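Here's a quick briefing to read alongside the structure. Keep the viewer open and follow the topics one by one.

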Amino acid sequence: MSLKFNLPTPLSRAGAMVLHLVPRWSARLFWASSGWRRIYTQGSSVRLKRLGYPRGVYSRLACRAYSAAPGSPEVMLTPERYPVQRLPFSTVSEEDLAAFECIIPGRVITDPEQLQACNVDWLKTVRGCSKVLLRPQTSEEVSQILRHCYKRNLAVNPQGGNTGMVGGSVPVFDEVILSTALMNQVISFHDVSGCPGFTEVLQTFRTCKGMLGEILSAFEFMDTECMQLVGQHLQLTNPVRESPFYVLVETSGSSAGHDSEKLTNVLEQVLNSGLVTDGTMATDQRKVQMLWALRERITEALSRDGYVFKYDLSLPVERLYDLVIDLRTRLGPRAKHVVGYGHLGDGNLHLNVTAEAFSQELLGALEPYVYAWTAEQRGSVSAEHGLGFKKKNVLGYSKPPVAMKLMQQLKAMLDPKGILNPYKTLPDQA
Ligand SMILES: Cc1cc2nc3c(=O)[nH]c(=O)nc-3n(C[C@H](O)[C@H](O)[C@H](O)COP(=O)(O)OP(=O)(O)OC[C@H]3O[C@@H](n4cnc5c(N)ncnc54)[C@H](O)[C@@H]3O)c2cc1C
């Protein structure tokens, strides 16, 4: 079941709630992006299905230079935007290509057009210049490739769906891209819930948690600017009255009747207490998808708004939104939008700032301010997106030097030459 609530500020407490019900077994959401599809199925489990790259003819080292597709905007090369020096790895030779070809015949890609998508991240903010993409199908092939790269001192960049948010999934320079797109077994995992904490949103979360218990499977919040952006850039319709905050609540009990009864009680409670002004409840699959799209497609709407400065923070829930308000004042008209949304139960804030274009000055106003603010709250600089290329040097705001040293030692033990995804995850000086 999916519920969408509209939350008032203390200044706006009027409105009505509309409900739609949907049996859990029919709830299914598809979330497609470059290279992968996320499928929500029964209960709180989520499966990721990898989608393979299209098969195509490739021309070996015939055309080595990167070139943007006609009409597509050029993404600046990573070393031009970030202060990073290439480490002394070898460069891929014709002999290397021949060796790869022996290991994975027909799956060594050097065609610049096919390489182009793999060299640029989903957000179009970082770009490498790798000349070769390898598409193994088995662990044994991966093992043979890595053996060769180790022997030759070739750096390797593993790549899954290339949907990562922190520049970890694309090469920084000319690393060999090792794609797992053809190792497309379905994996599954479960949603996590946590503790509540801010004003009406937080009180609604507490009520839902208390009254829905184990059947509560998702509690997402988003602010009004997020809702405006999905409307403006993706033409998605907001089914409830405009409000400063919105929450998306999903249950996943084993009985639709039982879920319905519990939700009705919750609704009575939040309406009577004046926490919620308006809402809608899904009655069928199409409506469930429509409600989830409002939350899941915020990232896409943001990237259509301009250059996006992205932060994925863990904070004490009672301070979760304070940083968004603080930044709006701090940045003023330099930012187009400063928005916040995320998984409330996990204390996870997706803080996003959009601007007409990348600007070093705006970056300077954001960093290290955002990280220092987070550290002051004893939060984490990466809640779920990882550190990748972009966040590696801010790990120290969340982890003590001894922990970073230990990570570096573990990495050195498993990857003595440092050929695996160099320039990522660990700080330059751990
Ligand atoms: C619209 C949108 C919404 C998103 N929402 C969320 C969200 O709600 N929650 C969330 O956590 N994330 C979210 N993400 C971020 C991203 O989808 C996830 O982080 C996802 O798990 C990345 O998987 P991937 O296969 O695309 O990995 P990639 O982006 O290809 O790679 C991510 C990192 O993992 C490394 N890697 C990939 N495969 C391997 C491997 N086999 N072995 C070793 N290292 C490997 C890469 O080198 C890179 O450092 C969202 C992304 C998009 C585009």
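Helix H5 (residues 199-212) and helix H7 (residues 256-272) pack at an angle of about 150°, and their axes are 10 Å apart. Angles over 145 degrees count as roughly antiparallel, so H5 and H7 are roughly antiparallel to each other. Bear in mind that this is a predicted model.

**H5 against H7**

- The crossing of these two helices, H5 and H7, is right-handed.
- On the H5 side, the residues that make the contact are Thr204, Thr207, Cys208, Met211 and Leu212.
- Their partners in H7 are Lys262, Asn265, Val266, Gln269 and Val270.
- Sorted by class, the contact of H5 with H7 has five nonpolar, four polar and one charged residues.

**H2 against H4**

- Helix H2 (residues 94-103) and helix H4 (residues 139-152) have axes that come within 10 Å and cross at roughly 160°.
- That angle makes H2 roughly antiparallel to H4.
- The crossing of H2 and H4 is right-handed.
- From H2, you'll find Asp96, Ala99, Phe100 and Ile103 in the contact, and they meet Glu141, Gln144, Ile145, His148 and Arg152 in H4.

**Around the ligand**

- There are 22 residues around the ligand, and Gly160, Gly161, Gly164, Gly168 and Ser169 come nearest.
- By class, the shell around the ligand divides into four nonpolar, 15 polar and three charged residues.
- Strand S7 (156-159) and helix H9 (298-303) each supply at least two residues of that shell.
- S7 gives the largest share of the shell, three residues.
- Where does the ligand lie relative to domain 1 and domain 2? Domain 1 (2-50 + 189-299) and domain 2 (305-398) both give residues to the shell, so the ligand lies between them.

**Backbone spots to check**

- Which peptide bond is cis? The one from Glu367 to Pro368 is, with omega near 10°.
- Pro368 sits in the loop between helix H11 (360-366) and helix H12 (369-376).
- Gln235 has phi near 55°, a positive value in a residue other than glycine.
- You'll find Gln235 in the loop between helix H6 (224-234) and strand S11 (245-251).

Conventions:
Residues are numbered from 1 along each chain as its sequence is written. This is a predicted model: local features need pLDDT of at least 70, side-chain atom pairs count only at pLDDT 80 or more; totals for chains, interfaces and linings use all residues. Axes are lines fitted to C-alpha atoms, for helices over the stretch in contact, and angles run from 0 to 180 degrees between N-to-C directions. Helices (H or I, at least four residues) and strands (E, at least two) are DSSP runs, numbered from the N terminus. Angles under 35 degrees count as roughly parallel, over 145 as roughly antiparallel, 65 to 115 as roughly perpendicular and the rest as oblique. A crossing is left-handed if the near helix is turned anticlockwise from the far one by less than a right angle, and right-handed if clockwise. Two residues are in contact if their C-beta atoms, placed from the backbone, lie within 7 Å. A residue is near a molecule or strand if its C-beta atom, placed from the backbone, lies within 6 Å of it. Ala, Val, Leu, Ile, Met, Phe, Trp, Tyr, Cys and Pro count as nonpolar, Asp, Glu, Lys and Arg as charged, and the others, Gly among them, as polar. Domain bounds come from an automatic or database domain assignment.
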